[in-house]
Amino acid sequence: MNPLGPQHVRELIRFVGLTRTRELNCSECRDAAGELAERRLAGLPLDEALERVEHHLQLCPECTEEFRALERILREAP
Ligand SMILES: [Zn+2]
């Protein structure tokens with residue numbers, strides 16, 4: 001029955017902000033890993049989404065391992 005007070009509104013706004021910059025999960029990371037690897041190899045700048053993928057890689061050893069394998073494949077490709 002209580003209407004939302006200013007404190008609640010602030011919390012909601014903060015929550016929305018947090019979800020927008022939330023961490024990627026592993027499957028999202030893997031979906032974007034190919035693009036990240038290609039851009040890195042080509043020396044192209046990364047957009048915000050790919051920067052988040054890089055951030056996930058720093059935190060996630062499993063994705064890092066997959067990413068390294070992917071980079072190796074790309075580098076050795078003709
Ligand atoms: Zn991961």
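The expected span of a helix is taken here as 1.5 Å times one less than its number of residues. Helices are DSSP runs of H or I with at least four residues, strands are runs of E with at least two, and both are numbered from the N terminus. The structure is a predicted model, in which local features need pLDDT of at least 70 and side-chain atom pairs count only at pLDDT 80 or more, while totals for chains, interfaces and linings use all residues. Residues are numbered from 1 along each chain as its sequence is written.

**Overall architecture**

Of its 78 residues, 13% are buried; a residue is buried if 20 or more other C-beta atoms lie within 10 Å of its own, exposed if 12 or fewer, and partly exposed in between, with C-beta atoms placed from the backbone. Two residues are in contact if their C-beta atoms, placed from the backbone, lie within 7 Å. Among contacts between residues at least 6 apart in sequence, 61% join residues at least 24 apart.

**Helix α3**

Helix α3 comprises the 12 residues 48-59 and reaches 17 Å from its first C-alpha to its last, close to the 16 Å expected. Its buried residues are V53, H56 and L57. Seen down the axis of α3, these residues fall within an arc of 105°, so they line one face of the helix; the arc is that of the directions from the helix axis to the C-beta atoms. The face turned away from the buried side carries the exposed residues E48, E51, Q58 and L59. The buried residues of α3 pack against α2 (26-42) and α4 (61-76).

**Packing of α2 and α3**

Helices α2 and α3 pack at an angle of about 105°, with their axes 9 Å apart. Axes are lines fitted to C-alpha atoms, for helices over the stretch in contact, and angles run from 0 to 180 degrees between N-to-C directions. The two helices are therefore roughly perpendicular to each other, the class for angles of 65 to 115 degrees. On the α2 side the contact is made by C29, A32, A33, E35, L36 and R39, and on the α3 side by A49, L50, V53, E54, H56 and L57. These residues divide into eight nonpolar, one polar and three charged; Ala, Val, Leu, Ile, Met, Phe, Trp, Tyr, Cys and Pro count as nonpolar, Asp, Glu, Lys and Arg as charged, and the others, Gly among them, as polar.

**Surroundings of C63**

C63 lies in helix α4 and is buried, with 21 other C-beta atoms within 10 Å. Leaving aside neighbours within four places in sequence, C63 is in contact with C26, C29, R30, H56 and L57. N25, in the loop between α1 (6-20) and α2, is exposed, with 11 other C-beta atoms within 10 Å.

| Pair | Separation in sequence | C-alpha to C-alpha distance |
|---|---|---|
| C63 and A33 | 30 residues | 8.7 Å |
| N25 and C63 | 38 residues | 9.9 Å |

Notes: Parallel < 35°, antiparallel > 145°, perpendicular 65-115°, else oblique.
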